[in-house]
Amino acid sequence: MKQTTLFVLVALACIVRVHAQQPAPARNLVIFLMDGYRWEELYRGADSTILFNKHYNRIDSAWTVTKYWAGDVQARRQKLMPFVWETIAAKGQLYGNRDAGSLVNVKNKYQFSYPGRSEAFTGYYDSAINSNDYPDNPNTNVLEFIDKQPDFHGKVAIFSSWDADARIFNRHRNGMLVNIYGEDVGGPLTPLQREANTWQHLLPDIFGSGERLDAATYAMGKAYLLAQHPRVLYIDLGDPDDFAHAGDYGDYLDAAHYADAMFKDIWTTLQQDPFYKDKTALLVFPDHGRGVGPQWTDHGQGAPPSGQTYFLALGAGVATKGEVKGGEQIYQQQYAQTIASLLGLKFTAEHPVAEGVVLAH
Ligand SMILES: [Zn+2]
């Protein structure tokens, strides 16, 4: 009898201990995608071979150097993305620093934008999706799967700088809010939402048709978050890729620096709101990497190593691990199930779904 009691107590203690180490699933989730932002800048800071080349600086490069250069790699990357290094590194998880042996890659061979987003959000590499002009995505994505769950219906929203997201997330099929370049948010609006609708039309179309500057996308997404309290908000940022294709390194670095400021701003907002505070996770990842040296402006099979990326997580359901060294290879197709399991769901679809990344311990 005594032995049985002891066994029960030890077993209970173990269960309590395991539970204490494993955070509860998140109730809500905010996801940022940084189109074509390289792991090289995330983990090493500004790249001297590009930064000090006048050819790649539209404006006075001395100013860019003042903002983002430091001899020490830790100081340099922190200058570029202070929130990532002060908060995500302290409380969350960072994968993909190849200098520390942490490997994150895309599974698709194309290494550009539509196939990248499709892989990440469907949890599946469909080799037929081989163009940014590909029509409506035939594969179910995890965001529409979540939106179909009773507790989440109508509480999942997408704000994107790029109009292709309407097809990638197939809003014709699922009727979700996928707000893209040039579109106003409809319905009853708060004053802030009305202003955000207006301001997006006051910015230059510097990337041509179909591409909205990220500041406008963010303003609209944040205004929506404050007004509607979605349980899942996805903000898709395009500036890093667009400025890189344009060959403007200073603008590319600014895009990353301001994206980091958006992470901080949204995180601060979430942690001040009882609806979100300590119940919300934040994820950050790109859709592909880019080339190196003179090929930094480009990506795809002809610009290696564009398949190399990274994955960042913070908040509810995410144990503190900091910058991960070594460990298992991660692929982009694992993000969809990771997103579902953060919210306590299991993503199933008509196609195979890759296993998630375990963030809880
Ligand atoms: Zn892209």
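Reader: What counts as a strand here, and which strand holds Leu94?
Author: Strands are DSSP runs of E with at least two residues, numbered from the N terminus. In this predicted model, one such run covers residues 93-95, and Leu94 is found in it. The strand that holds Leu94 is strand 2.

Reader: Is Leu94 buried or exposed?
Author: A residue is buried if 20 or more other C-beta atoms lie within 10 Å of its own. Leu94 has 24 C-beta neighbours inside 10 Å, so Leu94 counts as buried.

Reader: Which residues does Leu94 touch, leaving out those up to four places away in sequence?
Author: Some of these residues belong to named elements. Helix 6 covers residues 82-91 and lies across strand 2, strand 8 and strand 9, and strand 9 covers 322-323. The residues that Leu94 touches are Ile88, Ala89, Leu312, Gly322, Glu323 and Val324.

Reader: What is the order of the strands in the open sheet of 8 strands?
Author: The pairing in this open sheet is mixed. The edge strands, each pairing on one side only, are strand 5 (177-179) and strand 9 (322-323). The order is 5-4-6-1-7-8-2-9.

Reader: In which sense does strand 7 pair with strand 1, and over how many bridges?
Author: Strands of a sheet pair through backbone hydrogen bonds, either parallel or antiparallel. Ile31 has Leu283 of strand 7 as its bridge partner. Strand 1 and strand 7 pair in the parallel sense, over 6 bridges.

Reader: In which sense does strand 7 pair with strand 8, and over how many bridges?
Author: In strand 8, Leu314 is the bridge partner of Leu282, and Gly315 is that of Ala281. Strand 7 (residues 280-285) and strand 8 (residues 311-315) pair in the antiparallel sense, over 4 bridges.

Reader: How many residues of strand 7 are buried?
Author: In a regular strand the side chains alternate between the two faces of the sheet. On one side of strand 7, Thr280, Leu282 and Val284 are buried, and on the other Ala281, Leu283 and Phe285 are buried. Strand 7 is therefore largely enclosed by the rest of the structure, and its buried residues number 6 of the 6.

Reader: Which helix lies across strand 1, strand 6 and strand 7?
Author: The helix runs at about 175° to strand 1.

Reader: What does helix 7 pack against?
Author: Helix 7 (residues 113-122) is mostly covered, with 10 of its 10 residues buried. Among them are Tyr114, Arg117, Glu119 and Phe121. The buried residues pack against helix 8 (142-147), helix 9 (165-168), strand 7 and helix 15 (335-342).

Reader: Is Gln111 buried or exposed?
Author: Most residues other than glycine have a negative phi, and most peptide bonds are trans. Gln111 has a positive phi near 60°, and its place is in the loop between strand 3 (104-105) and helix 7. Because 26 other C-beta atoms lie within 10 Å, Gln111 is buried.

Reader: Where is Asp278 in the chain?
Author: Asp278 also has a positive phi, near 60°. With 13 other C-beta atoms within 10 Å, Asp278 is partly exposed. Its place is in the loop between helix 14 and strand 7.

Reader: Which peptide bond is cis, with omega near 5°?
Author: One of its two residues, Pro305, is in the loop between strand 7 and strand 8. The cis bond runs from Pro304 to Pro305.

Reader: Where in the chain is confidence lowest?
Author: The mean pLDDT of the chain is 94, and strand 1 has the highest confidence, at 99. Confidence is lowest, at a mean of 50, in helix 1 (residues 2-21).

Note on methods. Residues numbered from 1 in each chain as written. Predicted model: local features only at pLDDT ≥ 70, side-chain atom pairs only at ≥ 80, totals over all residues. Buried ≥ 20, exposed ≤ 12 C-beta atoms within 10 Å, placed from the backbone. Contact = placed C-beta atoms within 7 Å. Pairing = 2+ DSSP bridges. Axes fitted to C-alpha atoms, helices over the stretch in contact; angles between N-to-C directions. pLDDT = per-residue confidence, 0-100.
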